[in-house]
Amino acid sequence: DKYVNLPYSPFGRSDRLGRAADFTNLSRGDRSRFTRQDRGGRYDRYNKNRGRDDEDAQDNEDEGDEAFQLVDTSKTTTNKRFVTPAARRRQHTARLRQVNARRQQQGGASSSTTLSKEVLSRGGGRGGGGRGGGRGGRGGRGGYHHNRVDRQPSVAVQADWVKVEELDLAKLTKNLQASTDIPAPEDVLWCGFLDPYNDAYDKITARQPQPLKRIATKEFYPVSTTDDPVLEKLAIDGVGKGINKVFVTDTILAHLMTCTRSVYPWDLVIEKVAGGILFLDKRDNSQLDYLTVWETAYNTPSPSEEGINNPERLGLEATMINQNFSQQILKSSGAGRKEMDLPNPFFDEEDNDGMEPASVAFRYRKFELDDKTTLVCRTELHGLVKKTQYMTAFALNEYIPPQQASSAQTQTWRDKIDSQRGAVLANELKNNSFKLAKWTAQSLLAGADQMKIGFCSRTSPKNAYEHVILATQFYRPKDFASQITLNEGQMWAMMRMFVQLFNKQEEGKYVLMREPNKAMLTLYKVPPGTFDEE
């Protein structure tokens, strides 16, 4: 009731405003606002008091002129609280998890894939971005905002698994001191053979690319640690002077040494047996057998993407390219081949089906981590350079996000690989930091003199089965490591930390997991028969 006598200005959305403000004729402007008499219903109360309001306005006209004051219309500056991009991304991820949790409580069958599809659909509209609210942030303008998705763990945690330890990767990177004591390697055994490198592949250019062939007659062996008969024999015979023994492959060792750069979830199996012997292993058909594509990019390939640009399909494609490239650049005629002390331990001549082992030399090396710990690692070399130098070979494959593939302004490797190879490599170091760090660590562990990197691309963006080699480049592993800020002392400090962590556990089987949506490592103790059915 206290607002009964207050004047009310009716308005309609369809009304056209004549003027925003008229300071020169205030009284006429005030009265003109209240001249609408064709209003009904809710304006009756106002019409009853209109006469009295007009008289009050007439009496106070002179007083209003004297009391008139100009209003400061300048914009007031407010100190906005700065929020870092990392904090904003964490808030966005937390909101996604809350939405996902609510849907699961409601009984819906939505998964992280469904959720990521909704994020994608909102990203192109208004207010769909994580970094900008008004017009969709990066999602509204750029057309793709799916770098923040809820990933699924690499292996499901069972009810009988016991959590033993948690490690924060961010704190490890910050607090771990680089080791000045880099262990000197000592060769234990050589197996397999090496073919010489074909110098013709140094002359490849984007204008004259070389088709990537499918090496259908070569057999590759991603054998795990516990399935390696040579490592098993070395464990039985005893190697090294240390009481504690650690047996591992170069793939797993390099993975642990550079794990702080990882983004995708992964898991390793650790077995501690009697006598203080550790076997660092992986599951059969583990994701460690496949390469990743754009794992460390800002816009990683979305799991909801269907077709050839799904992360799993891209990993399979990258692995196939890498294997074919490592064999195609070698001379396969047999001339100049270097046979090692023992043949390939995984090749069965009776059951070969017309296949032959790929040109790989397995170099078993031991590293004395300290007076009590000896690490034995199976490393790989892929070829010979100038008859005396050992080399490793790896291939980077070009990935163009589907949203950019249709743009005429997108520059591909064919446009700049010949003139701006450094820029291409720098972009790959940003988008595939973890993969390149692992390759470099593997080359350092194997004692390679050269590391050959090939740049491969699809013949067409929609064809994931045919590729061309656009360029190749030799790098010295130590120089390349410094270029990508990979410190060898930091690598070994990381490995010593893991060995100490595993050694203080009691005998049994353990699983080391990288959490899917946060930079955390979790160590679980699992029953002895876990993964045996695989």
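In this predicted model, helix 10 and helix 15 cross in a right-handed sense. Helix 10 spans residues 250-257, and helix 15 spans residues 433-446. Their axes come within 9 Å and cross at roughly 125°. That angle makes helix 10 oblique to helix 15. Helix 10 contributes Asp-250, Thr-251, Leu-253, Ala-254, His-255 and Met-257 to the contact. Helix 15 contributes Phe-434, Lys-438, Ala-441, Gln-442 and Leu-445. Of the residues in this contact, six are nonpolar, three are polar and two are charged.

Aromatic rings were examined next. A search of the whole structure finds 13 aromatic pairs. One of them joins Tyr-197 and Phe-474, with ring centres 5.2 Å apart and planes at 70°. Planes over 60 degrees apart count as edge-to-face, so the pair of Tyr-197 and Phe-474 is edge-to-face. Tyr-197 lies in the loop between strand 2 (185-194) and strand 3 (210-211). Phe-474 belongs to strand 15 (residues 467-475). The pair therefore ties together parts that are 277 residues apart in sequence. Tyr-197 has a relative accessibility of 4% and counts as buried. Phe-474, at 22%, is partly exposed.

Trp-294 and Tyr-399 form another edge-to-face pair. Their centres are 5.1 Å apart, with 80° between the planes. This pair also links distant parts of the chain, 105 residues apart. Tyr-399 sits in the loop between strand 13 (389-397) and helix 12 (402-405). Trp-294 sits in the loop between strand 7 (277-281) and helix 11 (311-328). Both Trp-294 and Tyr-399 are buried. For Trp-294, the relative accessibility is 11%.

The backbone of Trp-294 also deserves a look. Most residues other than glycine have a negative phi. Trp-294 has a positive phi, near 60°, although the residue is not glycine. Phe-531 likewise has a positive value, with phi near 75°. Phe-531 is found in the segment after strand 17 (520-526). With a relative accessibility of 14%, Phe-531 counts as buried, because buried means under 20%.

Phe-531 takes part in ring contacts too. Ring pairs link Phe-531 with Trp-161 and Tyr-524 into a cluster.

Methods:
Residues are numbered from 1 along each chain as its sequence is written. This is a predicted model: local features need pLDDT of at least 70, side-chain atom pairs count only at pLDDT 80 or more; totals for chains, interfaces and linings use all residues. Side-chain values use heavy atoms; hydrogens and water are left out. Axes are lines fitted to C-alpha atoms, for helices over the stretch in contact, and angles run from 0 to 180 degrees between N-to-C directions. Helices (H or I, at least four residues) and strands (E, at least two) are DSSP runs, numbered from the N terminus. Angles under 35 degrees count as roughly parallel, over 145 as roughly antiparallel, 65 to 115 as roughly perpendicular and the rest as oblique. A crossing is left-handed if the near helix is turned anticlockwise from the far one by less than a right angle, and right-handed if clockwise. Contact means heavy atoms within 4.5 Å. Ala, Val, Leu, Ile, Met, Phe, Trp, Tyr, Cys and Pro count as nonpolar, Asp, Glu, Lys and Arg as charged, and the others, Gly among them, as polar. Buried means under 20% relative accessible area, exposed over 50%, partly exposed in between (1.4 Å probe, protein chains only). Rings of Phe, Tyr and Trp (its six-membered ring) pair if their centres lie within 6.5 Å; planes under 30 degrees apart count as stacked, over 60 as edge-to-face and the rest as tilted.
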